[in-house]
Amino acid sequence: MMASCVKYLVSSQRRILLRKIVPATHLRNAGPGDGESVDPEEVEFFNSEVDLKEWWKEPNELVSMNQTRVPLIRDALSVGRETAQPLEGISILDVGCGGGILSEALARLGADVTGIDASNAMIKAAKQHAQLDPRIQERLQYHNQTTNEIVDSESYDGVVASEVIEHVSDAESFVGDCVRLTKPGGSVFITTINQTWAAYAIAIILAEKLGPVKAGTHQYQKFVTPERLKKILQGNNCSIRSIRGQMYNILTNKWFWVRDTSVFYAIHAVKD
């Protein structure tokens with residue numbers, strides 16, 4: 001019975017932890033003159049993993065994660081608008097957009113969404129899927145770029161990095177880029193994995209050492225605690241509005257908010 005539970009848990013977590021291994025991630029987000037920004041091996045790995053049908057197939061943990069992250073973003077940016085498109089006129093940058101699961105959901109709420117990803121194959125997949133809904137095409141655009149490449153080009157009302165920061169080599173620089181891409185008074189949203197034994201057990205022990213995931217995919221030292229992320233954001237002139245834990249129920253395919261931030265959590269900050 002225990003072996004079956006472990007196998008089921010590993011299988012269910014595989015996509016949520018690993019499918020977005022590279023989306024605008026494994027960026028080094030280096031400073032001027034540094035030059036290196038993307039890990040080519042990781043980009044190639046993720047390109048080989050792209051399957052549009054599988055990406056959007058339900059039940060799907062990434063699709064169901066919109067149950068928590070979309071309301072978080074909507075409520076923070078819409079300022080109480082009670083309309084079918086409460087994000088109308090609001091610009092959002094989705095860093096590490098992958099196949100567009102979050103980008104499309106935000107565009108359907110009226111936001112003008114720009115999705116960027118280091119994986120060209122994922123950008124192609126995202127563009128292909130967006131064609132299925134003509135209603136959002138005018139509000140949605142995708143680019144095969146990194147934050148480091150666009151940091152001085154434009155700013156947005158909201159910047160989202162969902163399941164991304166745990167794969168970057170320099171969390172401080174990455175967050176700095178995200179904040180620089182945010183307008184004064186705008187919001188930064190980050191969802192990620194905590195640096196705890198519980199997170200280590202799920203993301204590395206169960207998924208990699210006991211499960212089908214290739215060893216070395218995740219590095220515990222790259223996980224970021226809420227305390228560290230809070231300090232990084234504050235050091236970039238941001239005020240923390242909320243830090244919330246979230247959990248996934250593999251039996252119901254539902255995400256929900258919890259007080260416990262020991263594994264998955266989301267942070268919302270506002271640029272001063």
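Student: What makes Asn253 count as buried or exposed?

Tutor: This is a predicted model, in which local features need pLDDT of at least 70, side-chain atom pairs count only at pLDDT 80 or more, and totals for chains, interfaces and linings use all residues. Residues are numbered from 1 along each chain as its sequence is written, and side-chain values use heavy atoms, with hydrogens and water left out. Now Asn253. Its relative accessible area is 13%, so Asn253 is buried. The cut-offs are under 20% for buried, over 50% for exposed, and partly exposed in between (1.4 Å probe, protein chains only).

Student: Where is Asn253 found?

Tutor: In the loop between β6 and β7 (254-258). Asn253 is not a glycine, yet its phi is positive, about 55°. Most residues other than glycine have a negative phi.

Student: How many helices and strands does the chain have?

Tutor: The chain has 11 helices and 8 strands. Helices (H or I, at least four residues) and strands (E, at least two) are DSSP runs, numbered from the N terminus. Of the 272 residues, 55% count as buried.

Student: Why are α9 and α11 called oblique?

Tutor: Helix α9 (residues 171-180) and helix α11 (residues 226-235) pack at an angle of about 50°, with axes 9 Å apart. Axes are lines fitted to C-alpha atoms, for helices over the stretch in contact, and angles run from 0 to 180 degrees between N-to-C directions. Under 35 degrees is roughly parallel, over 145 roughly antiparallel, 65 to 115 roughly perpendicular, and the rest oblique. So α9 and α11 are oblique to each other.

Student: Which residues of α9 and α11 meet?

Tutor: Ala171, Glu172, Val175 and Val179 in α9 meet Arg228, Leu229, Ile232 and Leu233 in α11. Contact means heavy atoms within 4.5 Å. By class, the residues of this contact are 6 nonpolar, no polar and 2 charged. Ala, Val, Leu, Ile, Met, Phe, Trp, Tyr, Cys and Pro count as nonpolar, Asp, Glu, Lys and Arg as charged, and the others, Gly among them, as polar.

Student: How do you know that the buried residues of α11 line one face?

Tutor: Pro226, Leu229, Ile232 and Leu233 are buried in α11. Seen down the helix axis, they fall within an arc of 125°, so they line one face. The arc is that of the directions from the helix axis to the C-beta atoms. The buried residues pack against α9, β5 (182-193), β6 (238-249) and β8 (264-271). The face turned away from the buried side carries the exposed residues Glu227, Lys231 and Gly235.

Student: What makes α5 and α6 oblique?

Tutor: The axes of helix α5 (residues 66-78) and helix α6 (residues 101-108) cross at roughly 45° and come within 11 Å. That angle makes α5 and α6 oblique to each other. Asn66, Arg69, Val70 and Ile73 in α5 meet Ile101, Leu102, Ala105 and Leu106 in α6. That contact has 6 nonpolar, 1 polar and 1 charged residues.
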